[in-house]
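Subject: Structure handover

Hello,

Here is the structure I said I would pass on. Please open it beside this email and follow along.

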Amino acid sequence: RASYLGIANRQLKRLGALVESILAMSMERRNSLVMKMESIDLIPFVREIAAAQYMRKEKVITIDVDCPEGEIIIVADKTHLANIINNLLDNAIKYSGDRVSIKVVCTPDGISVSDDGIGIPASSIPYLFDRFYRVPQGNTQNVRGYGIGLYYVKSITDKLGWDISVRSRPGEGTVFTIKFNYRNES
């Protein structure tokens, strides 16, 4: 119980920080957003986030975290990185059928989140990271959302100097790939 309560508490703190970040960006202050950069051991960080998402139990969820042995230390804002990973996992879960299989791959160069969900039409890919964009679902929008999650993800990856890309096909799932680009600070 203590473990679950600890995970829930950390997720609530991250959710509060996410709300603040979204509000800040919605007021066009994203250029003045200050990141709290710190060293993060990526593997246990990602595993904890995946464990929290897995506990949702709203459908059959399988999350495979595929990371090499040892450490992968990156420098990022911990709250924003958690929000990025949570958003990608959340979307993989929301945009799937009664079950979803997700694979998270960590390397020193980046992280990818792939799923076997409903996929995204090619015509929507160029707009995925636009503010308020939602992939058209015909006459219904059976998944709740405001179209700001991927906008937030793109804004933060840009702020960190990273690249994000997406590959998807309807009926075949989606892969989001973040490439860590390290700026030369000297």
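Below is what was found in it, from the whole chain down to single residues.

This is a predicted model, in which local features need pLDDT of at least 70 and side-chain atom pairs count only at pLDDT 80 or more, while totals for chains, interfaces and linings use all residues. Residues are numbered from 1 along each chain as its sequence is written, and side-chain values use heavy atoms, with hydrogens and water left out.

The chain

The chain has 4 helices and 7 strands. Helices (H or I, at least four residues) and strands (E, at least two) are DSSP runs, numbered from the N terminus. Along the sequence they follow the pattern α-β-α-β-β-α-β-β-α-β-β. Of the 186 residues, 42% count as buried; buried means under 20% relative accessible area, exposed over 50%, and partly exposed in between, with a 1.4 Å probe and protein chains only. Contact means heavy atoms within 4.5 Å. Among contacts between residues at least 6 apart in sequence, 69% join residues at least 24 apart.

The sheet

Strands of a sheet pair through backbone hydrogen bonds, either parallel or antiparallel. Here two strands count as paired if DSSP finds at least two bridges between them. An open sheet of 5 strands has the order E2-E4-E5-E7-E6, with mixed pairing. Its edge strands are E2 (60-66) and E6 (163-169), each pairing on one side only.

E2 and E4 (residues 99-107) pair in the parallel sense over 7 bridges, and Thr-62 stands opposite Ser-101 in E4. Helix H2 (residues 42-54) packs on the sheet, touching E2, E4 and E5 (110-115), and its direction makes about 175° with that of E2. Helix H3 (residues 78-94) also packs on the sheet, touching E2, E4, E5 and E7 (173-179), and its direction makes about 150° with that of E4. For these angles, axes are lines fitted to C-alpha atoms, for helices over the stretch in contact, and angles run from 0 to 180 degrees between N-to-C directions.

E5 and E7 pair in the antiparallel sense over 6 bridges, with Ser-112 opposite Thr-177 in E7. E6 and E7 also run antiparallel, joined by 7 bridges. These two strands form a hairpin with 3 residues between them, and Gly-171 in the turn has a positive phi of about 80°. In E7, 5 of the 7 residues are buried.

Helix H4

How far apart are the end C-alpha atoms of H4? They are 17 Å apart, which agrees with the 16 Å that its 12 residues (149-160) should span at 1.5 Å a residue. The expected span is 1.5 Å times one less than the number of residues. The buried residues of H4 include Leu-150, Tyr-151 and Leu-160. Just after H4, Gly-161 takes a positive phi of about 80°.

The axes of H3 and H4 come within 10 Å and cross at roughly 145°. Among the residues that meet are His-80, Asn-83 and Ile-84 in H3, and Gly-149, Leu-150 and Tyr-152 in H4.

One residue to look at

Most residues other than glycine have a negative phi. Phe-132, in the loop between E5 and H4, has a positive phi of about 70° although it is not a glycine. Is Phe-132 buried or exposed? Phe-132 is exposed, with a relative accessible area of 55%.

Regards
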